[in-house]
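Dear colleague,

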Amino acid sequence: MAIEYLKRGKPEAERAEEDAKTRAAVEATLADIEARGDAAVRALSEKFDSYTPASFRLSPSEIDDLIAQLSPRELADITFAQEQVRNFAQAQRDSMLDIEVETMPGVILGHKNIPVQSVGCYVPGGKFPMVASAHMSVATASVAKVPRIIACTPPFQGKPNPGVIAAMHLGGAHEIYVMGGIQAVGAMALGTETIDPVHMIVGPGNAFVAEAKRQLFGRVGIDLFAGPTETMVIADATVDAEMCATDLLGQAEHGYNSPAVLLTNSRKLAQETLAEIERILEILPTAETARVSWKEYGEVILCDSYDEMLWVADDVASEHVQVMTDRDDWFLEHMTCYGALFLGPRTNVANGDKVIGTNHTLPTKKAGRYTGGLWVGKFLKTHSYQKVTTDAAAAEIGAYGSRLCMLEGFVGHAEQCNLRVRRYGGVNVPYGEGAPALDAAE
């Protein structure tokens, strides 16, 4: 296997050191929020966002005033995007069925899909107003029929962003708060004097938001670890350097630590893409951010074969994987570890992020090895139930259960079964013993 790195990103050791600093900062901040509640949230908002309103929660009139600042075209675009997200989420929801089956005469088993009862949706927006993130979390939770949806977003340039607030409101948020970062996630999860805690936190964010969710997991549910954006372009000689460079930098502009990886079996394409990235960085308005991400986290990996490309792609398990080759469907069939696939040169990650209808809250930092992204099913809990409806079934299943409990040494468990065998089967099982076989077939 000949895998060559024409460009490498920051070493893993340095990234681990940064992660350790982030963990310590988040732990201290969450402890402060839990101890001081609203006072801590207000102090953090002043420190990080220079924003201290009379109330972080927006009133209905404030929401209406913000929405009124948008043009009809902007509102129509937001509505269109939400329709696409809702349509796909509804199709996913319709695929999830409650079931009830009679597995043997008189024994009925089933499950119900029940919405999480309260969800906190974090919508990032400090650097860019992430209007689309509101569709992905709030609107999807609404399709799942979550009864209480609260949404938090940081102020953008010192005040609420009308587009983000409109998307939250139209998406179905019941409470909207203008606060960001650790303080928003902590307040929603832990609760304060003015915010009732939720059962689950969802939504993407920077490294501090992702770490806060990680530390809070268990006290509340989370969707997944969705940290800084990652993108991978898998390309061969069927596409050109402009396409590859544009798609890499289009995601690198997210933040200063957004990994962008080109994976190819064409040395010519790799070298031309490296040159094209430098050309575009001279004219890209967001180059200040994208250049840092590319310098510190960008990688170009050259492979000999498609099989090697597949192996590397699954090992990296990138959040966004854009496939532009002569065998896109082959990658769709064989890839197993990723956030979402974007197949063919006509497809791009930006459309997935903003409008096409799939959810853009996706696993990062190799979490694609064990989970997919946010979807309507994340807001639903599948709960099982069982009922025994006949005396014969109660005695028969009870006899099996009694003996299996005794096999494990659980006498008290066995007596739960034995009681049913005695009452509904008419068999006098000695206390603390396993039930006898009730018929020859058993």
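How many bridges join strand E5 to E6? There are 4 bridges between strand E5 (residues 149-153) and E6, and these strands run parallel. Helices (H or I, at least four residues) and strands (E, at least two) are DSSP runs, numbered from the N terminus.

This is a predicted model, in which local features need pLDDT of at least 70 and side-chain atom pairs count only at pLDDT 80 or more, while totals for chains, interfaces and linings use all residues. Residues are numbered from 1 along each chain as its sequence is written, and side-chain values use heavy atoms, with hydrogens and water left out.

The sheets

E5 and E6 belong to an open sheet of 5 strands in the order E6-E5-E4-E7-E8, with parallel pairing; two strands pair if DSSP finds at least two bridges between them. Strand E6 (175-178) and strand E8 (221-222) are the edge strands, each pairing on one side only. Within E6, tyrosine 177 is the bridge partner of cysteine 152.

Another open sheet has 3 strands in the order E2-E3-E14, and its pairing is antiparallel. Strand E2 (99-104) and strand E14 (380-388) are at its edges with a single partner strand each, so one side of each has no neighbour in the sheet. On average, neighbouring strands of this sheet are turned by 20° against each other, direction ignored. Strand E3 (residues 107-115) is joined to E14 by 9 bridges, and the two run antiparallel. In E14, threonine 382 is the bridge partner of asparagine 113.

The helices

The axes of helix H7 (residues 181-190) and H8 come within 8 Å and cross at roughly 25°. That makes H7 roughly parallel to H8 (angles under 35 degrees count as roughly parallel, over 145 as roughly antiparallel, 65 to 115 as roughly perpendicular and the rest as oblique). Axes are lines fitted to C-alpha atoms, for helices over the stretch in contact, and angles run from 0 to 180 degrees between N-to-C directions.

Helix H9 (residues 241-252) packs with helix H10 (residues 267-281) at an angle of about 55°, their axes being 8 Å apart. H9 and H10 are therefore oblique to each other.

The second largest pocket

A pocket is an open set of points on a 1 Å grid over the protein atoms alone, where a 1.4 Å probe fits, with protein on both sides within 12 Å along at least five of seven lines; lining residues have an atom within 4 Å of a point. The second largest pocket is lined by 15 residues, and Ala210, Glu211, Arg214, Phe225 and Lys365 lie nearest its centre. Helix H1 (12-36) and helix H8 (207-216) are the elements that give two or more residues to this lining. H8 provides the largest share, 4 residues.

Yours sincerely
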